[in-house]
Amino acid sequence: SFIFSIQVEGRKKVLLGSISLQDYFTNANRELKKDTQQDYHLEYAMENSTHTIIEFTRELHTCDINDKSITESTVRVIWAYHHEDVGEAGPKYHDSNRGTKSLRLLNHETSKVLPTVVPYFDLVNQDVPIPNKGTTYWCQMFKIPVFQEKHHVIKVEPVIQRGHESLVHHILLYQCSSSFNDSILDYGHECYHPNMPDAFLTCETVIFAWAIGGEGFSYPPHVGLSLGTPLDPRYVLLEVHYDNPTYKEGLIDNSGLRLFHTTDIRKYDAGVIEAGLWVSLFHTIPPGMPEFRSEGHCTLECLEEALEAEKPSGIHVFAVLLHAHLAGRGIRLRHFRKGEEMRLLAYDDDFDFNFQEFQYLKEEQTILPGDNLITECRYNTKDRARMTWGGLSTRNEMCLSYLLYYPRINLTRCASIPDIMEQLQFIGVKEIYRPVTTWPFIIKSPKQYKNLSFMDAMNKFKWAKKEGLSFNKLVLSLPVNVRCSKTDNAEWSVSPILF
């Protein structure tokens, strides 16, 4: 069973008599009906002049067709209330006293409360001007405070400027090369830009990730993010994704992350592996599809090589962040060993773009050499008339899993992308201009696609549901190109071949 607690503010009077709890549901016409099977049970209630607090329980799976099963996926909790008590005629219309909130009711979270006053430092942007365009990635380098001994970060909190909760979509923190001086800290720059400072290109290793809707993250008692040793970051890059779909002008932001740290060293150092689909235009999703599935592979060859060299006994995953964009409807991180599928590492079958946070695993799971991982994403593009591409914009798509694990090894990215030429052959492309000198590259034949980019050709193709389903089947069967990256931007021997 599950315990719920609801607190309503703004009551204007103290209720008299006992508080009752009744189980209602809505039908297809949104009419409120009393459920013949009463599955909600009142455990506690309290009310004063300002608050009503109700705590109740319910089985996770009630076998009642009018109840939604409670799983580890995201649920949209809808709340509404009227200032008057429920009478014999049932609840009264709530008017404007209503709202929704996405929650993960079964997130197996460790305590957020720090045991004592813990020192912290902030990595936050200073007066960043947000352009009046839909998507901006802003990068700023920071120097980690100099510690005389090893420290562990034990909690990370987002620091979001008030009023910018929907503007700041996600924040990534990367470890950079240590061979710089402090002059690189003087200014930030738009990420992935031709004029971006070269120093930013050394920042490939994700050491923390936060996304919209998430709150603070506390590491388990035996794990921390290491600072202060030669292997630890001296310089870090804060990458903030600003989502400004209405092109609002004049926005200035001061958001970032707060890191709590301690000299009470924990047993293990935490690491992060980015797994899934390599963010690329080769990740293609046709328009008009009620469901389309993409897969990103962290292959057994990559995990075999990296783990055998670093930790043959395996690494232990304790939390996962699943990440997609607006077309995303569900994400699963699947785990295979010797051809057998293990328990899912993490899943969200009701993905909400505006609510993304780390899922704490109920039980840590071990990844061994020779295992492989598949990040599987479901998308809905019914309302789109053109192709959806993998990319950085909120209107583009991603399919990523960020695995928090210990002990830390020299593996930062394990991702794949399907072969592009067979995707183009599906729409009838026969030849492209080689060598590839433009991006996106240009098609040579047949005539109807001659001198078009592969993006224009894909959009020119007449997509219907039948073609979309056939294309999905093809993409899932294609060979993949793999990125298996080390902390210092080098690659393990599993190297990508794009054409």
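What follows is a set of questions and answers on disulfides, a sheet, cores and selected residues in a predicted model.

Trainee: How many disulfides does a search of the whole structure find?

Mentor: The model is predicted, and a disulfide here needs two cysteine sulfur atoms within 2.5 Å. The whole structure was searched on that basis. The count is five.

Trainee: In what pattern do the bonded cysteines pair, numbered in sequence order?

Mentor: Number the bonded cysteines of the protein chain in sequence order. Then read off the partners. The pairing is 1-3, 2-4, 5-9, 6-10, 7-8.

Trainee: Take the disulfide of Cys139 and Cys191. How many residues apart are the two?

Mentor: The sulfur atoms of Cys139 and Cys191 are 1.9 Å apart. The link is right-handed, with 115° about the S-S bond. Cys139 sits in strand E10, while Cys191 sits in the loop between strands E13 and E14. This pair links distant parts of the chain, with a separation of 52 residues.

Trainee: Why is the disulfide of Cys298 and Cys414 right-handed?

Mentor: The sulfur atoms of Cys298 and Cys414 lie 2.0 Å apart. Handedness comes from the torsion about the S-S bond. The disulfide is right-handed because that torsion is about 100°.

Trainee: Which strands hold Cys298 and Cys414?

Mentor: The pair ties together parts that are 116 residues apart in sequence. Cys298 is buried at 1% relative accessibility, and Cys414 is buried at 0%. The strands are E23 for Cys298 and E32 for Cys414.

Trainee: Where do Cys302 and Cys484 lie?

Mentor: A disulfide joins Cys302 to Cys484, with 2.1 Å from S to S. The S-S torsion is about 85°, so this link is right-handed. Both cysteines are buried. They are 182 residues apart, with Cys302 in helix H1 and Cys484 in strand E35.

Trainee: Is Cys63 buried or exposed?

Mentor: Exposed means over 50% relative accessible area. Cys63 has 77%, so Cys63 passes that cut-off. Cys63 is exposed.

Trainee: Which strands stand at the edges of the open sheet of six strands?

Mentor: The order is E28-E24-E31-E21-E32-E35, with mixed pairing. An edge strand has a single partner strand, so one side is left without a neighbour in the sheet. Neighbouring strands of this sheet are turned by 25° against each other on average, direction ignored. The edge strands are E28 and E35.

Trainee: In which sense do E24 and E28 pair, parallel or antiparallel?

Mentor: Strands of a sheet pair through backbone hydrogen bonds, in either sense. E24 covers residues 315-323, and five bridges join E24 to E28. Val320 stands opposite Gln359 of E28. The sense is antiparallel.

Trainee: With which side chain does the side chain of His335 make a polar contact?

Mentor: His335 lies in strand E25, residues 328-337. At 1% relative accessibility, His335 counts as buried. Beyond sequence neighbours within four places, His335 is in contact with residues including Glu340, Arg343, Gln365, Asp371 and Leu373. The polar contact, at 2.8 Å, is with Asp371.

Trainee: And with which side chain does Thr135 make a polar contact?

Mentor: Thr135 is in strand E10. Thr135 is buried because 18% is under the 20% cut-off. Outside four places in sequence, the contacts of Thr135 include His241, Tyr242, Leu392 and Ser393. The polar contact, at 3.3 Å between side chains, is with Ser393.

Trainee: Which residues touch the most other members of the largest nonpolar core?

Mentor: That core has 62 residues. Phe454 contacts residues including Leu281, Phe282, Trp389, Ile420 and Leu424, leaving aside neighbours within four places. Another core of 57 residues lies apart, with Tyr137, Ile184, Val223 and Leu237 among its members. In the largest core, the residues asked for are Leu411, Leu424, Ile427 and Phe454.

How values were computed:
Residues numbered from 1 in each chain as written. Predicted model: local features only at pLDDT ≥ 70, side-chain atom pairs only at ≥ 80, totals over all residues. Heavy atoms only, no water. Helix = DSSP H or I, 4+ residues; strand = E, 2+ residues; numbered from the N terminus. Buried < 20%, exposed > 50% of the residue type's maximum accessible area, 1.4 Å probe, protein only. Polar contact = N/O pair within 3.5 Å; in protein donor to acceptor, adjacent residues only side chain to side chain. Contact = heavy atoms within 4.5 Å. Pairing = 2+ DSSP bridges. Axes fitted to C-alpha atoms, helices over the stretch in contact; angles between N-to-C directions. Core = buried A, V, L, I, M, F, W, Y, C linked by side-chain atoms within 4.5 Å.
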